[in-house]
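Please look over the model shown here, with attention to its aromatic side chains. The report that follows takes up their surroundings and the ways in which they pair.

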Amino acid sequence: AISLQVPFSLSHRSFLPRNVRSLVSSNSQQTINRRTSQGTLIIVHLSSYVYLHQITVVIVTQLLYLFCQKIFIMKLSSLIFTASVFTNAATAFSPAASRSALSVNSGHVSSQRSPTTLSVGTMMGGINIADTMSPRDVYAMEEWATQYGVQKMDGVELYSEDGSDYQLISQTQIPAGSPVVFVPAGMCFSSNAVVDELGADLQQAEQVLVQIDQGTKQRLPLFRLMVKILAEYDKGQESPFYPWLNSLPRQFYNGVSMTNACFDCLPPYAGWLASNERINYGHFAAALRMGYVPLNPNTLNDDEIIKWAYNVALTRFKEVWEPTRQKLIAPMADMLNHSAEPNCEITFDYEGNCNVNTIYDVQPGTPLTISLGDPTNPTPIFAQYGFLPNDCATIFCKAMHLDPIIKYLGIDFKDLLIQTQTGEIAPKVWDIFLYEILQNNDQEAADAFYVACKTNDENAKQGYHDQYFQYTLDALKQHVYKIMADVENLTMKAQSYDLQTHPRVPVIVAHNTLVRDTFTMTASLLEQMG
């Protein structure tokens, strides 16, 4: 067999053309030495029927492609290719017999061997949180995950269009009800397990947290995950989870990561949600800095590291309620992105194993997706995850000034929506504007309308709407035009910022543009009504 030795990083594999990547990964035997003085060394063993000119094409194509992508970070002089004859292959990973083998029978993922104990990682160097442009070593994480029992159905691959945002896609057709990813319990982060691991130290920190704000009691599972991530971060290359930590994004665009200048460019509802996450993070950090949890002082004093750990926990957890409530993170399963119409669901069995199953038929080339929140109201997703779903059909009516009325009538925000495609207003939006008018002008009528709302007496409600229609219409027009003007000014303010110091401007502008376009259609409909 002919062997090719190439100084090359696993993280660069995603930038190769698919036909080239297949020769250095899936279709050839590989030996990977994870760290050398010149970078990662890949030894690809090609069977003897591969002609030498095919190897040359691979080398040239690889060089040109890497150069064009500007990721050729090693000196050109160090790229020395040698060919030699090997009779036996070596491997830097565990022998094949010790790995968890994936077999798919009738659409089922089964494990012939599922290791549950992690050993200390061998990768050198810490995680540079400050360098937001640092590449995510996702494919090294994939190798690590496979080694320790994580399984994917054949045809399910990690994919990225830009080398920054990754997701799982299927290259084959998968029927509904098929298991596509399995993560053993030993690979998962569990908020309940953190309690057992840190004991009294964690309990003292949690007591401080609840004293700071009673509302944080419901968010203790998130706090525990954040502490666990920080504890593993402190271990650096000694952490068995280092490959996963090193594959995570360094930069986030959600409310926690926004500055006061960002909040100043958001409409009231989005600004309220985003700032609440920032406030909650502040409480978490303050409780940590009391010193009860044994973390490195340098970590505790670095706001960016704590914020990064908070964001990792906030954006990657899955909450379960049986047998007890807890939040969990499953490496590899956390690579599924959001969709308003997800084709997969994530579940955890009573042993703590994570299972990802399809809920609809999945066609080749389709991303595997889950739901990260209510698809009818994308603003909470924007505040928590830092992106705006491109398939949202509705948005909140932005009537934050009527929040006391909304609570008094017992209406949920998800019922106070406007259609993004038509501008049509949900009936309960009309209800809250009418109730404000009645409250200010006729308390007896307001009380009767309140009873009609609480008893779902649609006939009585309609009678009041007919009687006060013009007043309600005028109030809605005033609200809609005010939001349109506010959003326009906020967008102009955001666009005046320097993207280097305010990298979250694009997602803020996208959010405001969606609001402006939707409310423009709403204004047109209201004008047609009178």
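## Aromatic rings in the predicted model

Phe387 counts as partly exposed, with a relative accessibility of 28%.

By the rule used for ring centres, the count comes to 19 aromatic pairs. Two of them are set out below, with the distance between ring centres and the angle between ring planes.

| Pair | Centre distance | Plane angle | Arrangement |
|---|---|---|---|
| Phe284 and Tyr310 | 5.3 Å | 70 degrees | edge-to-face |
| Tyr385 and Phe387 | 6.3 Å | 50 degrees | tilted |

The pair of Phe284 and Tyr310 is edge-to-face because the planes of the two rings stand at 70 degrees, and an angle over 60 degrees is counted in that way. Since Phe284 lies in helix 8 (residues 268-288) and Tyr310 in helix 10 (residues 303-316), the pair ties together parts that are 26 residues apart in sequence. Both Phe284 and Tyr310 are buried.

Elsewhere, ring pairs join Trp144, Phe189, Phe241 and Trp244 into a cluster. One member of this cluster, Phe189, also has a charged neighbour, for the charged end of Lys228 sits over its ring at 5.9 Å from the centre. A further contact of this kind involves Arg504, whose charged end sits over the ring of Tyr253, 5.8 Å from the centre of that ring.

Terms used. Residues numbered from 1 in each chain as written. Predicted model: local features only at pLDDT ≥ 70, side-chain atom pairs only at ≥ 80, totals over all residues. Heavy atoms only, no water. Phe/Tyr/Trp six-rings, centres within 6.5 Å; stacked < 30°, edge-to-face > 60°. Helix = DSSP H or I, 4+ residues; strand = E, 2+ residues; numbered from the N terminus. Buried < 20%, exposed > 50% of the residue type's maximum accessible area, 1.4 Å probe, protein only. Lys NZ or Arg CZ within 6 Å of the ring centre and 35° of its normal.
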